[in-house]
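Here is my note on the model, as numbered points. Please keep the sequence and the 3D view open while you read.

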Amino acid sequence: MTDLSKYRNIGIFAHVDAGKTTTTERILKLTGKIHKLGEVHDGAATTDFMDQEKERGITIQSAATTCFWPGSTQQWEPHRFNIIDTPGHVDFTIEVYRSLKVLDGGIGVFCGSGGVEPQSETNWRYANDSKVARVIYVNKLDRIGADFYRVVDQVKNVLGAKPLVMVLPIGTEGGFKGVVDLLTRKAWIWDDSGDPMKYTLEDVPADMVDDVEQYREELIETAVEQDDEIMEKYLGGEEPSIEEIKKCVRAGTIKLDFFPTFCGSSFKNKGVQNVLDGVVEYLPSPTEVPAQPEMDLEGNETGRFAKVDTTAPFRALAFKIMDDKYGALTFTRIYSGKIKKGDSVLNTFTRKTERIGRIIEMHANDRNEVDGAQAGDIVALLGMKNTQTGHTLADENNPGTLEPMIFPDPVISIAVAPKEKASAEKMGIAIGKMVAEDPSFRVETDEDSGETILKGMGELHLDIKVDILKRTYGVDVSVGKPQVAYRESITQTINDSYTHKKQSGGSGQFAKIDYKIEPGEPGTGYVFESKVVGGNVPKEFWPAVDKGWKNSVDKGVLAGYPLVDVAFTLLDGGFHAVDSSAIAFEVAAKAAYRQSIAKAGPQILEPIMKLDVFVPEDYIGDAIGDLNRRRGMIKSQEPTGTGIRIKADAPLGEMFGYIGDLRGMTSGRGQFSMEFSHYAAAPRNISEVVIAEAAKRNEKK
């Protein structure tokens with residue numbers, strides 16, 4: 001049996017352009033997995049294997065790879081790293097979320113000059129939610145404006161996290177040449193050949209001795225708090241051994257009390273070995289992370305946990321589907337038990353068994369077939385017919401379900417149509433595969449117009465999907481202009497009553513409901529409550545009223561957008577012993593909705609996006625003026641080493657084409673990222689346009 005203490009399932013995540021993929025390339029080179037480095041800017045990175053990734057120099061889908069690390073001085077038996085390189089762009093955060101869900105540890109990469117950027121914050125929040133232990137790596141210290149100490153402060157102040165500094169940089173910007181390991185008090189100095197193995201271990205530079213002693217003392221003081229016995233010795237004046245300190249750092253890292261912090265320049269091949277040693281020494285093996293809670297097939301917690309144990313019943317989570325020329329690959333994290341080729345397993349979501357055709361270890365888009373896999377492994381399975389992202393695979397004789405994944409709703413949509421009628425079926429098959437791969441990408445058909453509507457998380461997200469349709473699947477499509485996913489809500493509380501009566505020979509229909517409809521708390525969606533006392537509306541009819549209202553909120557009364565943040569309360573009513581039925585109460589609820597919502601001050605809500613805009617200082621006035629024209633609300637302006645970061649909120653409807661305008665006004669140097677924040681009431685002029693457009697669409701129908 002494999003020794004699971006030598007396993008590390010880790011993800012590499014960061015803001016776009018902080019150097020995740022370059023760092024992954026360096027890791028693969030150092031571990032002997034690849035022999036020639038591929039650069040992101042040349043479109044040759046191993047884990048960026050899609051055409052769209054090579055051209056744009058960004059990671060779009062998370063890539064998985066396996067490699068082995070024996071330590072920077074071959075001090076250990078090789079440890080197996082299952083690595084997932086995740087995207088940084090905000091439109092693809094779903095890839096980060098689902099990767100973190102199945103990992104035991106992570107490397108958070110921060111740019112030495114950009115610092116803690118907006119996507120770093122989102123990813124950090126996801127990692128906190130998933131309780132993933134992390135080490136921090138401050139990259140790009142060779143860049144102009146890089147400042148390790150500033151980034152450490154930002155981790156404290158912006159992320160509210162506790163960085164535990166393990167190394168200090170030697171030199172800065174163009175003069176960056178290595179790092180000092182605080183525990184061993186040794187300086188790692190690389191030459192300028194670019195070979196990561198060409199370094200020397202020297203004494204601490206004289207001008208750094210005081211800083212090294214100060215940070216080393218802080219490191220030890222923080223670490224020994226994890227062990228009372230070691231702390232007592234330390235307080236008694238005895239310095240713990242390096243092994244004792246490492247043991248304490250490991251304990252605190254796994255408990256998320258602090259995050260060991262390293263630094264370097266991946267592009268220049270300096271400092272990456274220290275991070276890899278840190279992964280082995282401080283991040284948990286699969287057996288050291290909390291066991292996953294199990295549910296029964298109805299979704300109720302059973303009190304049992306999927307422990308990492310090869311003798312326990314089989315439990316695995318499918319976290320990604322990827323379609324390629326061999327068929328659909330189902331990326332799967334095995335939590336307990338083991339499987340081999342040809343086994344049948346139960347998909348607890350579909351309640352159907354699936355036969356495992358082949359088991360594959362992935363190296364980006366290369367594959368290595370294996371006969372079996374066990375608890376702690378991340379593998380791709382071939383031959384799964386009905387398994388989707390978030391489904392649990394379990395022992396069919398001893399079923400159990402792991403906590404499912406929850407995906408955000410899209411905020412933007414476009415209509416697409418094949419340019420040639422003959423391509424319609426081909427387009428349908430292609431979109432079906434793309435939806436299976438990406439749960440944040442949705443598709444629906446407008447029943448009246450017959451248009452295919454693609455929905456996603458942002459302009460870039462949909463842009464890439466259309467590009468994949470054209471190039472990967474060979475379907476040329478015409479694309480409509482982007483549409484905003486508006487919502488509707490109400491502003492007033494209404495107490496009302498509705499009676500549904502129908503008598504046309506035979507048994508009739510009767511249902512009377514007294515109810516209250518009121519604005520709900522933001523983000524609550526739809527809420528139903530019954531306050532009926534006595535038997536005026538028997539309990540068995542309450543679900544029918546709930547169902548009638550729940551089905552109605554899909555369509556608001558102003559422009560047909562879904563109604564959100566509204567609370568329905570059933571207060572009283574009446575029934576007939578013969579003529580009342582669940583259907584009658586459901587019909588009454590639907591009619592009551594139409595009767596009352598129009599009187600409750602309905603309003604249009606628009607999606608508000610959280611913006612983070614970077615501009616060189618000379619262009620700050622133009623950038624702020626432009627955001628004001630887009631109804632942006634400026635939250636803050638922060639100077640960085642190379643420009644100004646503006647944080648703002650702005651309506652999605654005003655942000656189409658923003659990247660082109662921003663680059664135009666900043667001579668190509670401006671950057672921005674945007675993610676959904678919340679829904680807010682649209683101004684009257686915008687609401688009137690939205691309602692008028694909806695009326696036009698209805699006329700066409």
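How exposed is Lys-341? Point 2 gives the answer.

1. Ground rules. This is a predicted model, in which local features need pLDDT of at least 70 and side-chain atom pairs count only at pLDDT 80 or more, while totals for chains, interfaces and linings use all residues. Residues are numbered from 1 along each chain as its sequence is written, and side-chain values use heavy atoms, with hydrogens and water left out.

2. Lys-341 and its partner. Lys-341 is partly exposed, at 37% relative accessible area. Here buried means under 20% relative accessible area, exposed means over 50%, and partly exposed lies in between (1.4 Å probe, protein chains only). Lys-341 forms a salt bridge with Asp-371, with the closest N and O atoms 3.7 Å apart. This pair links distant parts of the chain, 30 residues apart: Lys-341 is in the loop between strand 16 (338–340) and strand 17 (344–347), and Asp-371 is in the loop between strand 20 (366–370) and strand 21 (372–374). Asp-371 counts as exposed, at 59%. A salt bridge is a side-chain nitrogen of Lys or Arg within 4 Å of a carboxyl oxygen of Asp or Glu. Helices (H or I, at least four residues) and strands (E, at least two) are DSSP runs, numbered from the N terminus.

3. Other salt bridges. The count comes to 28 salt bridges. One of them joins Arg-185 to Glu-213, at 2.8 Å between the closest N and O atoms. Again distant parts of the chain are linked: Arg-185 sits in the loop between strand 8 (178–181) and strand 9 (186–190), and Glu-213 in helix 6 (residues 209–224), 28 residues apart. Arg-185 is partly exposed at 33%, and Glu-213 is partly exposed at 32%.

4. Glu-586 and Lys-590 meet in a salt bridge of 3.5 Å, N to O. Both lie in helix 13 (residues 582–597), four residues apart, about one turn of the helix. Glu-586 is buried at 13%, whereas Lys-590 is partly exposed at 30%.

5. Four strands form an open sheet in the order 7-8-9-10, with antiparallel pairing. Strand 7 (167–170) and strand 10 (199–202) are at the edges; each has a single partner strand, so one side of each lacks a neighbour in the sheet. Two strands pair if DSSP finds at least two bridges between them. Strands 8 and 9 are joined by four bridges.

6. Two helices. Helix 8 (residues 242–254) and helix 9 pack at an angle of about 80 degrees, their axes 9 Å apart. So helix 8 is roughly perpendicular to helix 9 (65 to 115 degrees; under 35 is roughly parallel, over 145 roughly antiparallel, the rest oblique). Axes are lines fitted to C-alpha atoms, for helices over the stretch in contact, and angles run from 0 to 180 degrees between N-to-C directions. Contact means heavy atoms within 4.5 Å. Residues making it include Val-249 of helix 8 and Tyr-282 of helix 9.

7. The core. The largest nonpolar core has 73 residues, and Phe-81, Ile-107, Met-166 and Val-249 have the most contacts inside it. Such a core is a set of buried Ala, Val, Leu, Ile, Met, Phe, Trp, Tyr and Cys residues joined through side-chain atoms within 4.5 Å.
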